[in-house]
Amino acid sequence: MALSIDLKDIRHRDALSARHPADDGGRPSLIGMDREELATAVRAAGVPERQVRMRVQQLWHWLYVRGVSDFNDMANVSKALRAELAERFTIARPRIVDEQISQDGTRKWLLQFPPRGAGKPVEIETVYIPEDGRGTLCISSQVGCTLTCSFCHTGTQKLVRNLTADEILSQLLLARDRLGDFPLKDTPQGAIVPSEGRRISNIVMMGMGEPLYNFDNVKKALLIATDNEGLSLSRRRITLSTSGVVPEIYRTGEEIGVMLAISLHAVRDELRDELVPINKKYPIAELMQACRDYRGLSNARRITFEYVMLKGVNDSLADARELVRLLKGIPAKINLIPFNPWPGSRYQCSDWEQIEAFADFVNRAGYASPIRTPRGRDILAACGQLKSESERLRKSERLALEAMMIAGHGEA
Ligand code: SAH
Ligand code: SF4
């Protein structure tokens with residue numbers, strides 16, 4: 001299928017940035033703080049010890065149930081305390097530099113975060129993918145990536161820095177604002193977080209960066225996202241994708257308890273060393289052991305193995321056979337990802353018949369093997385295509401990419 005380039009590329013830089021100022025005046029954000037840190041913050045704002053717990057609870061409610069981004073909206077907090085807090089802290093959302101909506105409803109935001117310390121402002125991308133009856137938010141964990149997987153666009157961008165817990169969580173809060181997922185703020189019903197009908201029902205840590213190289217901040221953000229008195233997302237609806245940082249895979253199971261996805265992509269060390277270079281440090285056998293040991297696995301809680309289909313590289317039926325052998329004994333499903341090209345990439349997506357033959361083989365061996373439909377390709381929102389504004393595509397590159405996609409490599 002040829003992809004028509006009918007971009008609904010809406011840019012509301014001015015209108016949005018007025019509402020979402022990037023400049024936090026160097027004040028720390030209350031977003032992303034755990035309860036203990038919030039207690040320290042309210043003490044600093046002069047709250048007497050006997051009121052600290054109650055104030056922390058109120059703040060938690062305003063931030064994560066009501067979704068306020070302005071201290072003035074905190075109706076049951078006194079004016080004086082609101083002013084004290086506003087002087088010392090911020091709860092503002094990041095600045096939206098750009099918002100794009102794909103023909104298929106996928107949305108991509110380019111967000112800017114203020115500098116930390118002496119650094120510059122940074123930009124990352126967050127993607128929302130609506131599906132029947134659910135919606136998934138794809139969150140970034142780093143600006144760029146230290147790893148250099150040879151088929152990934154983010155991997156060509158050097159790591160600029162880790163995102164803070166506040167910046168990771170803010171992607172979810174901002175997307176909920178934009179999608180109308182926070183209930184009305186000023187009605188009695190506003191206090192309820194509906195468990196049904198949320199636009200964002202699922203989260204995947206599959207945006208820019210390697211989440212397990214930013215473990216502490218990712219953990220902090222996800223524990224807040226799953227907190228029952230706040231955003232209360234289910235751990236089973238959060239999937240963290242890693243290229244295979246073995247020690248932190250164990251910690252993810254023990255300390256965060258979300259679903260795991262492994263970017264496997266190759267079944268022999270020699271090839272995986274090339275495609276996913278972290279394999280040199282943590283080879284396939286160690287990775288598989290960490291998967292076998294992952295806490296809480298069952299047929300209802302399986303590990304997803306991601307496998308990008310690269311023509312003539314990793315897509316033979318011999319590879320499929322070896323894959324099935326490797327996964328023996330692990331409750332697993334296999335997500336086949338048609339390779340998404342980018343200018344300068346050296347691979348092609350496997351032919352569609354080959355992807356289907358591969359999927360059939362794996363499926364006959366008893367594993368679910370969905371082929372991931374590329375979403376939001378027209379706005380470069382598909383897997384592995386995220387890259388920040390600092391290195392955006394030039395127009396000539398964009399045209400080259402569109403031509404590649406029209407040529408139909410693996411178009412679903
Ligand atoms: N760093 C983490 C999470 C981000 S990448 C990881 O590597 O798992 C999310 C998924 O997109 C990974 O499975 C990654 O291998 C895959 N991916 C990267 N580039 C891609 C591309 N060009 N086409 C298809 N999938 C890609
Ligand atoms: Fe980094 Fe993941 Fe891309 Fe590899 S695939 S370069 S780990 S973002």
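Here are some questions and answers about this predicted model. As for the ground rules, residues count from 1 along each chain as its sequence is written, and chains are lettered from A and ligands numbered from 1 in the order in which they are written.

Q: How many residues are in the largest nonpolar core?
A: A nonpolar core is a set of buried Ala, Val, Leu, Ile, Met, Phe, Trp, Tyr and Cys residues joined through side-chain atoms within 4.5 Å. Leu 30, Phe 151 and Phe 305 have the most contacts inside the largest one, and its residue count is 108.

Q: Why does this core lie between domain 1 and domain 2?
A: Domain bounds here come from an automatic or database domain assignment. The core lies between the two because residues are given to it by both domain 1 (26-88) and domain 2 (95-407).

Q: Is Glu 306 buried or exposed?
A: Look for Glu 306 in strand 10; strands (E, at least two residues) and helices (H or I, at least four) are DSSP runs numbered from the N terminus. Buried means under 20% relative accessible area, exposed over 50%, and partly exposed in between (1.4 Å probe, protein chains only). Glu 306 has 4% relative accessibility, so it counts as buried.

Q: Which side chain makes a polar contact with the side chain of Glu 306?
A: A polar contact is a pair of N or O atoms within 3.5 Å; within protein, one must be able to donate a hydrogen and the other to accept it, and residues adjacent in sequence count only if both atoms are side-chain atoms. At 2.7 Å, the partner of Glu 306 is Ser 241.

Q: How much of ligand 1's accessible area does the protein cover?
A: Start with the backbone: an N or O atom of Gly 209 sits 2.8 Å from a nitrogen atom of ligand 1, and a polar backbone atom of Asn 340 is 2.9 Å from a ligand nitrogen. On its own, ligand 1 has 540 Å² of accessible area (Shrake-Rupley method, 1.4 Å probe; for residues, only the protein chains shown count as cover). The protein covers 96%.

Q: Is Gly 180 buried or exposed?
A: Gly 180 is in the loop between helix 5 and strand 7. Its relative accessible area is 54%, so Gly 180 is exposed.

Conventions. This is a predicted model: local features need pLDDT of at least 70, side-chain atom pairs count only at pLDDT 80 or more; totals for chains, interfaces and linings use all residues. Side-chain values use heavy atoms; hydrogens and water are left out.
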